[in-house]
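The structure is shown below.

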Amino acid sequence: MVDSQYYLPNDIGVSALDCTEAFRLLSNKEKMYSHYLSRAAWYGGLAVLLQTSPESAKIFVLLQKIFRKQTPAQLEQVATAAGLSPEEYQAFLVYAAGLYANMGNYKSFGDTKFIPNLPKDKLKALVKASQAFQDQPAEMEALWDSCSCLLFSLEDRQKQLGLGDKGITTYFSGNCSLEDAELAQKFLDSKKLSAYNTRLFKREKEGKACYEVRLASAVQKDCAVEGECETSCGSFNFEDKEFTVKRGDYAPLMEKVSFYLQKAQAYAANENQRKMLEEYARSFTSGSVDAHKEGSRYWIKDKGPIVESYIGFIESYRDPFGSRGEFEGFIAVEFEKDTFLKPDFTSLDVLTFAGSGIPAGINIPNYDDIRQSEGFKNVSLGNVLSVAYATQKEKLTFLQEEDKDLFIKWKGPSFEVQVGLHELLGHGSGKLLVQDDEGKFNFDKSKVTNPETGEPVTSWYRGSETWDSKFSTIASSYEECRAECVGLYLCLIKKVLSIFGHEGQDAEDVVYINWLSMVRAGLLGLEFYTPESKSWRQAHMQARFVILRVLLEAGEGLVGLEELTGPDGKPDAQITLDRSKIHTVGKDAIHRFLCKLQVLKATADVEGGRALYDGYSTVSECGPHNFMRLRETVLLRKEARKMFVQANTNINGDSVELKEYEGSAAGLICSFTERFQDDAEKLEADLLALCKKDFPCWC
């Protein structure tokens, strides 16, 4: 029996993201703009396959070839004839849908590998019986042979993403360690190069370690390109090691991204959008993060567009070192009327979200220097919120029976409040103290004191140092924790709740369920902890566990957590929250903790920040709560995360049509098969070539 955390259940939730009405209300020009941006996002999103695991792109191509020839409905008869039961065929469809939804064979939320929940010989029989195999037996046999072992393998290192012996990552070659990642970061800082769009490959040359830093770009030549005074590429000696900076990672995909962004320019609504797209295209063509920053500046200036978008190497959650960005691109439409006061937090309906997963809200760009001095944008993804967190009472774990109806009623509205505060005022606040390359400070050294010690500030960020580069492996989760604390703290203010439309008893219920959701999420977070490596696999869930620990530590009966036996006779647990103490004990605890988090972040105190955060992140058997045993209970009762089916856009004459699909594994598969049908064979050949080039770096 395979542990259930390594496969997706047949009854996993699959929901279609509805954007029909929002898209219908667009003008033809806006629809064209959305279409070309979507094409850019979808092609760029395929880079995530290459950013996830050595085998992901091969599995993707295998599935595309099978389903291009036969729809899931047509293939079902083949599966039956090949000896698969209905449950086994459904397991195959769920696996395929999961690979598409996560853009790889590791869960985007939790970084755990998932494998097909059917015997390998049954899947092999289905592949061999497929029309794709009948048409191209040699090619399909070779493709199956090249990925089937890794497709099913659950060796310890392959069970989760990680660096070195802790897991699999394709941001680094398989022989890289944490020390290599740290050295590479120092090198990049010395060259004022961002790690966001890079990968690192290490090789031995005459007994000496040599490193290749590869930039994502359509251009593969390393000389200066248009817009550059001098090239950042070349060979350099750094700390007695050889570093080579090269262009051309994901080149065919970046070429497609740039091509479609240039197409979209003709339909831009204003000059800011046009210049934004011009800079983005330059970034993906040449591999310049500075060009992407420039595009982001124009993006910030493009206030309240009907069609909102962002694209690039954005979030660093899945880089084990915390510096490299995973590709994502989203296109969304402002459909709901904005009911928030300024500073504005816009609610949008997603048309396209390409990448490994879809969040409920976003605060971008992630460039510290731009956020500090020029601004940022926040969006809440309304059609994601409306389906992602719908909960059935019988599936609500770890709550008292009397809390469940209230939880179901207010979970959605309370989460909307939390997302708004988390993104807008959490990620959107908190100054970093910086001394630039010219020695200038962005604060008055003679007057600023550390509120935790009362003493003058003694540390800060210097030169090209950033939050991600300094705090590296804990940066993402620490920052999510800070933003979550901001949400918990500010939701206690009546005026804030009123802005979101909640008054009186309803407002109090929203506060209660928001805090109860957080402590329950902290317990659920244990699913994403790996005892063998003592590491966390999901930044947000680690953050919520840390908050649970802080609130348990506050004492005075604020939070209760007890182990018990469930009605089914199996281990269970129950978490309780004393709502009468949220505004006193709870508020004080979050206030103190949030102050510490912000001061340590602002002053670049890595040592203090790590000590604090790692301390609360510890999962042990000791103390008042046996979290290791509770983890087993959480795993026993976990519910799989939903998958989303997204629409496609197609040009028909002078107009753009929206094609939507049913909310099922089969619908999700069909959406991906049809998404890339224009140039399917070339695209699949390009992906296999990119995969083959670097495969020896891991296998």
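## Salt bridges

Arg199, Glu212, Arg214, Asp249 and Asp694 form a network of salt bridges (a side-chain nitrogen of Lys or Arg within 4 Å of a carboxyl oxygen of Asp or Glu). The model is predicted: local features need pLDDT of at least 70 and side-chain atom pairs pLDDT 80 or more, while totals for chains, interfaces and linings use all residues. Residues are numbered from 1 along each chain as its sequence is written, and side-chain values use heavy atoms, without hydrogens and water.

The whole structure holds 43 salt bridges. One of them joins glutamate 684 and lysine 65 at 3.1 Å, N to O. This pair links distant parts of the chain, 619 residues apart: glutamate 684 is in helix H25 (residues 680-694) and lysine 65 in helix H4. Helices are DSSP runs (H or I, at least four residues), numbered from the N terminus. Lysine 65 is buried at 8%.

Glutamate 212 and arginine 214 pair at 2.8 Å, N to O, and both are buried.

## Helix H16

The UniProt annotation "active site", from an unreviewed entry, covers Glu423; such annotations may be inferred rather than shown by experiment. Glutamate 423 lies in helix H16 (residues 401-427) and is buried, at 8% relative accessibility.

Glutamine 418 is also in helix H16, with a relative accessible area of 3%. Not counting residues up to four places away in sequence, glutamine 418 contacts (heavy atoms within 4.5 Å) Glu484, Gly487, Leu488, Asn514 and Met518.

How values were computed
Helices (H or I, at least four residues) and strands (E, at least two) are DSSP runs, numbered from the N terminus. Buried means under 20% relative accessible area, exposed over 50%, partly exposed in between (1.4 Å probe, protein chains only).
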